[in-house]
Amino acid sequence: MTSEHLLDAPQRRRAYWHAALTLVVLTAVVCLARRHWPVLETGAVRLAVADRGWLLAAALATLATWPCSALAQQGAVPGRLPPGRLVAGQFAGSAANHVLPAGVGAGAVNLRLLVRCGIPIADAATAIVVKGTAGALVRGALLAVLFAACPGVLRVPHLGGGFLLAACTLTAGALVLVAGPLRVWCRRALGAVRSYAGALHARPVRAAALWGGSLAFVSLHCAVLIAVTRAVALPLPPARVALLYLAASTVAALLPTPGGLGSLDAVLAFALTTGGAPVEAAASAVLGYRLLTVWLPLVPGLGVLGILVRRGAL
C-alpha cells in the first residue's frame, strides 16, 4: 500500500493545498525577482561603497522590527501566545505581505496563527483589527509631532478638479453604504471592537505591549531609513527623514500593491528629493531601505512561512 493510500481524504486535500501554496509562492518570488532585477542590481552596486557601519545599524534595526510587531500582536490578545511562533509568524507575514496587496498577507498569516493558538476566529480577527488600529494611531501621532517639529517640510500638492470629484464621489458612496445596507453590520463590528479593546486596556501589561510594540515598530522603520541615508551620505536631518518616510508610506498605503512595491519606492524617492536630497542619493537610500526590509528577508521569510504551514502552526 502506497503512502498516498495511507492518507485519508482531509489529509490529501491538505497536502494538495500545501503543494499549491508552495507553487504559488515560488512563482510569485520568481516573477518579482525578474521584474525588479534591475532595481536589485543597481541597489547592490550603489550600496557597495556605502558606509558599512551604518548599513549594519540599519540591518540590526530591521531585525528588531519583527519582535516589536510580535510584541504588539501579543498586546492585542488577552492570553499568552508562544513567543517563538509569534515572532516567526511576523517574519513570515512580512514576506507574505510583499506577495499579496494591501497588507492581506500579514493579516491572513496572523489570523491563521491566532486561530491555531486556540483563539476563536472572531476574537482573532478583532485582535488583528485592534493591532492595526493602534499602529495607525501611533503612526498618525508620530507624523503630527514630526510635522510640528519640522515646519515647511511637507507641502500639500495642488489637486485637480477631477481628483477632488473622484474623492468626493468615493466618500459619498462609502457614507451611503455605511449609513444604509452596512449600518447594522458596522454598528455590531464597532461595538465588538470597542468592547474587546476596553477589556484589553483593563490589563496594563497588555496595553503597554500593544502601544509600545506599535511605537517601536514604526520608529525602527524610520531608524532603518535614517541609517541608510547616513550610509550613503544623504544630507538630511534625521527628523526630516523620519517625517518624509511616514508621509510617503502613508500615501503609498492607499495604493494596493504588494508590500508597496513600486508605489512606496516612487513616493519615498520623490519625498526625499523634494525634501532637499540629491536625486542620486535619494534613489540609493530608497534602494538600500527596500533591500534591507523587502528583498533580503523575502526568501527566508517565505521559507519560514512554508515551515510553519508544514508543521501545522498556520
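**View 1. A70 sits in helix 3, residues 52-75.** Helices here are DSSP runs of H or I with at least four residues, numbered from the N terminus. This is a predicted model, where local features need pLDDT of at least 70 and side-chain atom pairs count only at pLDDT 80 or more, while totals for chains, interfaces and linings use all residues. Residues are numbered from 1 along each chain as its sequence is written, and side-chain values use heavy atoms, with hydrogens and water left out. With a relative accessibility of 4%, A70 counts as buried (under 20% relative accessible area; exposed is over 50% and partly exposed is in between, using a 1.4 Å probe and protein chains only). Skipping residues up to four places away in sequence, A70 touches L86, V87 and Q90 (contact means heavy atoms within 4.5 Å). Then there's P83: 13 residues from A70 in sequence, and 7.8 Å away C-alpha to C-alpha.

**View 2. Q90 belongs to helix 4, residues 83-97.** At 5% relative accessible area, Q90 is buried. Leaving out residues up to four places away in sequence, Q90 touches W66, S69, A70, Q73, N110 and K131.

**View 3. L114 is one of the residues that touch the most other members of the largest nonpolar core.** A nonpolar core is a set of buried Ala, Val, Leu, Ile, Met, Phe, Trp, Tyr and Cys residues joined through side-chain atoms within 4.5 Å. Setting aside neighbours within four places in sequence, L114 is in contact with Q73, V77, L81, I119, A124, A127 and I128.

**View 4. Helix 9 (residues 204-231) crosses helix 12 at roughly 130°, their axes coming within 9 Å.** Axes are lines fitted to C-alpha atoms, for helices over the stretch in contact, and angles run from 0 to 180 degrees between N-to-C directions. On the helix 9 side, H221, V224, L225, V228 and T229 make the contact, meeting A285, G288, Y289, L292 and T293 of helix 12.

**View 5. A233 has a positive phi, near 60°, in a residue other than glycine.** Look for A233 in the loop between helix 9 and helix 10 (238-252). A233 is exposed, at 63% relative accessible area.

Note on methods: Helices (H or I, at least four residues) and strands (E, at least two) are DSSP runs, numbered from the N terminus.
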